[in-house]
Amino acid sequence: MPVLEKNNTLDLSKLFLEDGERARRLALIDGDWLLDLSRLPLSSAQYAALPALALEAGLPDAIARLFAGATVNPSEGRPALHMALRAADPDAWPGVGKGLAADRDRFLAVADNLHSGRTGLTDLIHVGIGGSDLGPRLVADALDDGSAGVRVHWLSTLDGRRLDRLLARLDPARTGVVVASKSFSTEETLLQAAALRDWLGVRFADQCWAATAMPERATAFGISASQVLPFPDWTGGRFSLWSSVGVSAAALIGRQAFDRLVAGAAEADRVFSSATMNQSLAMQLALMIHVLRRHLDAPTLGVIAYDPRLALLGDYLQQLLMESLGKGVDLADQHLALATSPLLFGGRGTDLQHSIFQALHQGTDTHPLLLVGSLDAGHARPDWHRVQLAHLLAQATALARGRDDSQPCRRLPGNRPVALLLARRLDPVTLGYLLASFEHAVFALSVLWNINPFDQWGVEEGKRLAGRYRRQLDELDSLDFDHWLQLGQRGMTEG
Ligand code: F6P
């Protein structure tokens with residue numbers, strides 16, 4: 001394959017002028033999703049040769065091992081079988097044992113009761129962080145149609161003001177709590193759960209659920225065994241949306257919609273595990289990121305949502321990509337000489353046009369972008385939706401094509417890589433398909449880069465040091481700048 005040289009000098013406008021079919025030639029339609037890579041500095045020959053990279057890296061065998069329950073997370077000695085959580089018959093999945101179907105029915109029954117209002121609870125507080133927050137929050141935000149019989153409130157990082165303001169307007173007699181934590185040991189989650197336990201008082205036992213892979217820790221915390229919604233420990237936190245961690249999202253959008261989300265993800269599993277190397281959205285997303293990171297040497301990637309329903313997609317993908325691919329050693333524990341995870345940033349399209357796009361158009365650095373939208377509006381203002389789509393295309397065009405001007409300060413250099421990801425419509429099925437496709441894109445990249453995408457040892461040292469600093473802070477009668485500087489000084493020299 002003609003390898004892309006670094007600091008690629010291809011002129012995008014020229015490529016489009018030379019090939020009137022470029023947009024079609026460099027676009028993939030996979031089901032209800034279109035991924036348009038025509039504004040990446042790739043010749044059509046290079047684009048056509050991308051799947052060979054996946055074959056050379058042994059993707060087909062690696063995918064087969066993943067789906068067969070092989071130990072694809074060697075540092076923790078675990079498989080990664082989040083696909084089993086969304087299978088029609090999870091218990092039939094090789095290597096998972098019995099109980100998954102019953103676990104899923106249990107948490108969906110809880111969700112259904114909450115959604116319908118039959119529990120008498122008007123509000124549900126979901127407390128969790130990272131993978132125990134980002135996926136469910138995204139799904140809830142994207143698919144909430146206002147029909148739920150319960151309002152859901154999301155708590156993640158410690159924020160005393162937010163908690164006090166929330167509890168001041170809620171009735172403990174009508175409020176449920178979901179403590180979502182795979183480990184049931186995350187400090188931020190447990191501190192807030194303890195405050196909610198105190199606030200609920202005697203109602204805690206009946207109105208608090210735990211979504212966790214550590215049921216015994218949840219019961220030790222005081223949550224009734226009958227209120228524990230378990231999932232297997234081979235479920236990675238950032239892959240746990242499909243487990244009981246999704247119960248609050250299911251309570252908001254309804255069981256039927258959550259079932260459709262899961263079905264969409266299961267279809268992505270089918271396509272990814274059966275398609276040839278360039279026919280799945282997952283594989284094309286992986287090859288796109290591989291080209292941007294390894295060939296164009298871009299250390300950043302922006303995911304910008306031009307559909308407000310996907311406003312939280314960037315936050316979700318930050319963890320999924322950066323916690324999975326932000327590694328420095330390969331599977332043989334050798335230092336990686338080549339780049340891995342980009343820094344991923346994101347947000348809402350036209351908001352960011354009023355903040356960061358100036359730098360994206362004229363700044364000295366190139367930040368590749370993935371602009372995401374949907375052909376359907378999802379609301380009753382089609383004119384607003386057409387404005388969103390017009391901005392999406394306008395930004396993509398201006399970034400790629402640039403603009404000449406007699407005044408240098410008015411010139412746009414162009415040739416800034418921008419990919420477009422468009423849904424035919426955004427609904428639970430297509431959203432589930434998208435999220436599972438990104439999960440598989442991450443796995444495919446881990447194979448291309450020979451790294452373990454399922455562990456996250458890099459976050460442990462910070463947790464250890466925070467515990468030590470917390471004990472030192474707890475011992476202080478007061479805290480001023482001098483104390484602060486002493487703590488920092490000591491911290492750099494003590495064990
Ligand atoms: O960020 C580290 C991490 O372990 C994530 O992988 C995980 O999603 C998050 O913390 C929360 O962990 P838990 O679900 O165990 O509370």
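Reader: Which residues form one aromatic cluster here?
Author: Keep in mind that this is a predicted model. In it, one aromatic cluster takes in three Phe residues, namely Phe184, Phe204 and Phe221.

Reader: How many aromatic pairs are there?
Author: Two rings pair if their centres lie within 6.5 Å. By this rule, the count is six.

Reader: Is the pair of Phe67 and Trp93 stacked, edge-to-face or tilted?
Author: The ring centres of Phe67 and Trp93 are 6.0 Å apart, with 35 degrees between the planes. Stacked would need planes under 30 degrees apart, and edge-to-face over 60. With its 35 degrees, the pair is therefore tilted.

Reader: And how many residues apart are Phe67 and Trp93?
Author: Phe67 belongs to helix 4 (residues 59–67), while Trp93 is in the loop between helix 4 and helix 5 (100–116). The pair links distant parts of the chain, and the two residues are 26 residues apart.

Reader: Are Phe67 and Trp93 buried or exposed?
Author: Buried takes under 20% relative accessible area. On that scale, both Phe67 and Trp93 come out buried.

Reader: What parts does the pair of Phe239 and Phe454 tie together?
Author: This tilted pair has 5.3 Å centre to centre and 55 degrees between the planes. Phe239 and Phe454 are each buried. Phe239 sits in the loop between strand 7 (228–230) and helix 11 (247–253), and Phe454 in the loop between helix 18 (428–449) and helix 19 (460–475), so the pair ties together parts 215 residues apart in sequence.

Reader: Which ring has the charged end of Arg381 over it?
Author: A charge over a ring has to be within 6 Å of the ring centre. For Arg381 the distance is 4.8 Å, and the ring is that of Trp384.

How values were computed: Residues numbered from 1 in each chain as written. Predicted model: local features only at pLDDT ≥ 70, side-chain atom pairs only at ≥ 80, totals over all residues. Heavy atoms only, no water. Helix = DSSP H or I, 4+ residues; strand = E, 2+ residues; numbered from the N terminus. Buried < 20%, exposed > 50% of the residue type's maximum accessible area, 1.4 Å probe, protein only. Lys NZ or Arg CZ within 6 Å of the ring centre and 35° of its normal.
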